[in-house]
Each structure stands twice: as structure tokens, then as C-alpha cells.
Amino acid sequence: VKVEAGTFMMGATPEMKNSWTEERPIHQVTLTNDYYIGKYEVTQSLWCALMDNNPSYFKGDNLPVEQVSWDDCQLFIQKLNALTGRNFRLPTETEWEYAAKAKLSLQGGIEATGYKYSGTSTDLSEYAWYSANSGGKIHAVGSKKPNDFGIYDMSGNVIEWCQDIYTNYSTGSPEIGKDERVLRGGYYDSDAASVKSTSRGSCPYNQAMEPFGFRLCLQ
């Protein structure tokens, strides 16, 4: 899905309830280049086609691949780029949040603050698989409604790796003693506060856990 360049407010706005310190302070960010981001989380069928294995706990062709580390994603992307001649990569944290908030204005373009969740600010269950409706398991990609950009599952289902090293918004620097990569969007067993478009997580780049998945980006 093509996402046009623009300016937005990154982080939790004051009216967002249950926001955490890691989501603040809100700050203005400008993306100067258009980019493309995956309409869906990378599926197990796509992963298996390139990697000849399936690390996922919940098995199914149209389920998102999970139990993959940031390193695993890089290896997949290297193989995909060699096969296609393109330059796929993980989205940056900024690209991810901009695409997730996706609140299109009537005048065109994205509104500066965007939605609390990826798709709506009211009925989360229409857009996300999370603890209240998932039954404790992952679901097929694209089985909920998309957000305003036509992107699915950015809230819930699997939590998604981003390219960046996790940094503190206040200082712009990595936390002392930590070298972790960003995870975004929450997963199928997260509560509502953890699947917000501004919610942030992190993990060591070589660690694969059951809800860890990803989507592709291309510029």
C-alpha cells in the first residue's frame, strides 16, 4: 500500500487514556519520502516459500508467521531481495506509526494526530484481534476491517518488528545497557491499551517469541 509523505504528531496525545511514559512526549515528525508498506502481515505461506521452514506455533498458510526474531526477518528480507531485485526492508518505527494512525482528512492527506487504534477510535473489535475477542490465538491476516490506508492488523494479531533500535522519546538515545529493536502494534493476547497505534515495545534482536511477526516496507 502506498503511503504518501507528510507530517504528523508521533506519540500519545493527551486525550489518549492509559498511555505509558514510553509513548510520550508527543512530537512532530515529517516523512519526506513516499513509501510502500505491506497490506498484510507476512504470512506463513510466504515465509515458507522462501525459507523452507515454519517456526510458527499456530500453523496455517494465511496466518501471520510468528516466533521470528529481528535477525530472522533480516535473513528473509535478504532472500526476498535477491529473488526480486528490489529493496524490501522492515518499516522504521516512524513509518509504522504514521501508517497505523492513518486518519485521512476530507481535504486529502493524513490528519496530524490520527486514530487511537489503527482503524478507529471507538470500536476496536472491528479492526483488531486482541485479548477481548481472539480466543487466545492468532487469526488469518485481513479478517478484520482495514484502516483508512487499507492496511490490516496493525493493531493486534501479531506484534511487529521495526527496523529501529529502541530509543527514549525524551532523549532520542537508546536506553543505557540495552540494544533492543522496536516492536509495535500489540498482539492477539494484548489488552486494549497495548494495541494502540502509539504503544511501543522492544526485545533483543536475536530473540524469537511466539507473538513476534512483521510486515514489509519498500521505498
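**View 1. Threonine 43 is buried in this predicted model.** Its relative accessible area is 14%, so threonine 43 falls under the 20% cut-off for a buried residue. Threonine 43 sits in a loop. That loop runs between strand E4 (35-37) and helix H1 (44-51).

**View 2. Threonine 43 has contacts beyond its neighbours in sequence.** Leaving aside residues up to four places away in sequence, threonine 43 touches Asp61, Asn62, Leu63, Pro64, Val65 and Val141. A polar atom of the threonine 43 side chain also lies 3.3 Å from the backbone nitrogen of leucine 46.

**View 3. An open sheet is built from 4 strands.** The strand order is E8-E7-E6-E9, and the pairing is mixed. Strand E8 (200-204) and strand E9 (212-213) are the edge strands. Each of these two pairs on one side only.

**View 4. Strands E6 and E7 run antiparallel, with a helix packed on the sheet.** Strand E6 (residues 159-165) is joined to strand E7 (residues 180-184) by 3 bridges. Isoleucine 165 stands opposite arginine 181 in E7. Helix H2 (residues 70-84) packs on the sheet and touches both E6 and E7. The direction of helix H2 makes about 85° with that of E6.

**View 5. The largest pocket has a volume of about 170 Å³.** Its lining comprises 14 residues. Closest to the pocket centre are Ile37, Gly38, Lys39, Phe88 and Leu216. E4 and strand E10 (217-218) are the elements that give two or more residues to the lining of this pocket.

How values were computed
Residues are numbered from 1 along each chain as its sequence is written. This is a predicted model: local features need pLDDT of at least 70, side-chain atom pairs count only at pLDDT 80 or more; totals for chains, interfaces and linings use all residues. Side-chain values use heavy atoms; hydrogens and water are left out. Buried means under 20% relative accessible area, exposed over 50%, partly exposed in between (1.4 Å probe, protein chains only). A polar contact is a pair of N or O atoms within 3.5 Å; within protein, one must be able to donate a hydrogen and the other to accept it, and residues adjacent in sequence count only if both atoms are side-chain atoms. Contact means heavy atoms within 4.5 Å. Two strands pair if DSSP finds at least two bridges between them. Axes are lines fitted to C-alpha atoms, for helices over the stretch in contact, and angles run from 0 to 180 degrees between N-to-C directions. On a 1 Å grid over the protein atoms alone, a cavity is a set of points where a 1.4 Å probe fits but cannot get out, and a pocket is an open set with protein on both sides within 12 Å along at least five of seven lines; lining residues have an atom within 4 Å of a point. Grid points are joined across faces, edges and corners, and a volume is the space filled by probe spheres set on the points.
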